[in-house]
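Biologist: Please take a close look at one part of this model, the aromatic rings. Then follow on to a helix pair.

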Amino acid sequence: MSTPSPQRARSAAAKQQRERAILDAARSLGADRSVREVTLTDIAAAVGMHKSAMLRYFETREQIFLALTAEGWEDWSGALRARLREFVDADPGAVAAVVAQSLVARPFFCDLLAQAPLNLERNVSMESVYEFKTVVLGEVAALAAELCRLFAITERAAIDVVATATSMAGALWQMAAPGTGLRALYETRPELAHAVVDVEPQLARILSALLEGMRSTAT
């Protein structure tokens, strides 16, 4: 006896519930593997839908992961701004360490940060890109405001710090290749020791130097 396929969501609430189930399934799969390895078929199977039925909710697999990237920005930005508001004195090293730790604590987000500009944004509609960028730029502005308060730097400089933090987190995470055969190779061959990337301290050093230079310039 065959299993009946899920019925198409009719109401707005049912549609939102189905979209949430798809996003949650993609998040779980992407966290277990790298984002680039998860296919639309994988997500459909996890939700219990046919791949063609999923296209009623999301235009491509990239749109699913782009939506998760936007959610990642909101989660990370909100948590980081709460941490930054605890600072009274502007200590570049301490602030850089907090920013680096907040990113490394979100490995799935770091993976998405690398995938978004290279792949995700290029395989969705312009409307989807617009919606995504609107969310991201809003979170960047909110984070920049906290950095301006702490270091008395310009908004442009603060935005550069956020851009550096997120772009470097995405790139370094890919280079670190945690949990992969590449990482095991780097760690077991002494001649490849310099290929081993420890994301959090390296990112903290980069951001500390950047913030220190910007604060000195502002002063």
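Modeller: Trp73 and Phe109 are both buried. The model is predicted. Their ring centres lie 6.0 Å apart, with the planes at 85°. That is over 60 degrees, so this pair counts as edge-to-face. Trp73 sits in helix H4 (residues 61-84) and Phe109 in helix H6 (residues 107-118).

Now take Trp76. Trp76 is buried, as is Phe109. The ring centres of Trp76 and Phe109 are 6.0 Å apart and the planes stand at 40°, so this pair is tilted. Trp76 belongs to helix H4 and Phe109 to helix H6, so parts 33 residues apart in sequence are tied together. Ring pairs join Trp73, Trp76 and Phe109 into a cluster. The structure has 3 aromatic pairs.

Next, the helix pair. Two packed helices are described by the angle and the distance between their axes. Helix H8 (residues 155-176) and helix H10 (residues 199-218) have axes that come within 10 Å and cross at roughly 160°. That angle makes H8 roughly antiparallel to H10. Their crossing is right-handed. On the H8 side, the contact residues include Ala157, Asp160, Val161, Thr164, Met168, Leu172 and Trp173. H10 contributes, among them, Val199, Gln202, Leu203, Ile206, Leu210 and Met214. By class, the H8 contact with H10 has 15 nonpolar, 2 polar and 1 charged residues.

Notes: Residues are numbered from 1 along each chain as its sequence is written. This is a predicted model: local features need pLDDT of at least 70, side-chain atom pairs count only at pLDDT 80 or more; totals for chains, interfaces and linings use all residues. Side-chain values use heavy atoms; hydrogens and water are left out. Axes are lines fitted to C-alpha atoms, for helices over the stretch in contact, and angles run from 0 to 180 degrees between N-to-C directions. Helices (H or I, at least four residues) and strands (E, at least two) are DSSP runs, numbered from the N terminus. Angles under 35 degrees count as roughly parallel, over 145 as roughly antiparallel, 65 to 115 as roughly perpendicular and the rest as oblique. A crossing is left-handed if the near helix is turned anticlockwise from the far one by less than a right angle, and right-handed if clockwise. Contact means heavy atoms within 4.5 Å. Ala, Val, Leu, Ile, Met, Phe, Trp, Tyr, Cys and Pro count as nonpolar, Asp, Glu, Lys and Arg as charged, and the others, Gly among them, as polar. Rings of Phe, Tyr and Trp (its six-membered ring) pair if their centres lie within 6.5 Å; planes under 30 degrees apart count as stacked, over 60 as edge-to-face and the rest as tilted. Buried means under 20% relative accessible area, exposed over 50%, partly exposed in between (1.4 Å probe, protein chains only).
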